[in-house]
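Here is a short briefing on one protein structure. Look at the chain first, then follow the points below.

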Amino acid sequence: MKLHLSGPSGLNTITAYGPGYVAVNGQRHERSLVVLPDRIVADWPASSFEALTAEHLAAIVGHAPEIVLLGTGAQLRFPRPEITRPLVDSRIGLEVMDVQAACRTYNILVAESRRVAAALLLA
């Protein structure tokens, strides 16, 4: 699905998504990644929901988001509490949703000038 959003220029927005991919500013990504308003972490090592660890989420803490949108793939799945502990300990909000919902929500929050991170598991 292509998304059309008129938002703040110069910031990363998700412009399309589909099975196994998302496009950020028109560039297609087929591996799990973290999208922030000012940068993309394309080498995020969390390859799938099953492989997700606390260390993967701890790596996002250094980017200082106020909220993390965890896109868990094509379906909504909740990680175990010990995996989300680094975000809780850092007082960073967490919303868990499927990738499509995370993409749409990310764009809305970026348009509101929120410091958001979309951690998208594409496998």
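Predicted model: local features only at pLDDT ≥ 70, side-chain atom pairs only at ≥ 80, totals over all residues.

Residues are numbered from 1 along each chain as its sequence is written, and side-chain values use heavy atoms, with hydrogens and water left out.

**The largest pocket**

- A pocket is found on a 1 Å grid over the protein atoms alone: it is an open set of points where a 1.4 Å probe fits, with protein on both sides within 12 Å along at least five of seven lines.
- Lining residues have an atom within 4 Å of a point.
- A volume is the space filled by probe spheres set on the points, which are joined across faces, edges and corners.
- The largest pocket holds about 180 Å³ of space.
- It is lined by 14 residues, and the closest to its centre are Gly18, Gly20, Gly73, Ala74 and Val99.
- Two or more lining residues come from each of β1 (14–18), β2 (21–24) and α3 (99–111).
- Helices (H or I, at least four residues) and strands (E, at least two) are DSSP runs, numbered from the N terminus.

- Strands pair if DSSP finds at least two bridges between them.
- β1 and β2 run antiparallel and are joined by four bridges.
- Tyr17 stands opposite Val22 in β2.
- Two residues sit between the strands of this hairpin, and Gly20 takes a positive phi near 80°.
- Buried means under 20% relative accessible area, exposed over 50%, and partly exposed in between (1.4 Å probe, protein chains only).
- Four of the five residues of β1 are buried, so this strand is largely enclosed by the rest of the structure.

**Helix α1**

- Which residues of α1 (residues 54–61) are buried? They are Ala54, His56, Leu57 and Ile60.
- These buried residues fall within an arc of 160° seen down the axis, so they line one face of α1.
- The arc is that of the directions from the helix axis to the C-beta atoms.
- Their cover includes β4 (33–36), β6 (67–71), α2 (81–89) and β8 (116–120).
- Leu57 counts as buried because its relative accessibility is 0%.
- Contact means heavy atoms within 4.5 Å.
- Beyond its neighbours within four places in sequence, Leu57 is in contact with Trp44, Leu52, Ile83, Thr84 and Leu87.
- Leu57 and Thr84 are 27 residues apart along the chain, yet their C-alpha atoms are separated by 6.9 Å.

**Helix α2**

- Ile83, Thr84, Pro86 and Leu87 are the residues listed as buried in α2.
- They cover an arc of only 125° around the axis, so they are on the same side of α2.
- Pro81 and Asp89 are exposed on the other side.
- The buried residues of α2 pack against α1, β6 and β7 (93–97).
- Arg91 follows α2 and has a positive phi, near 60°.

**Two further residues**

- His63 lies in the loop between α1 and β6.
- His63 counts as buried because its relative accessibility is 17%.
- Gly10 lies in the segment before β1.
- Gly10 counts as exposed because its relative accessibility is 79%.
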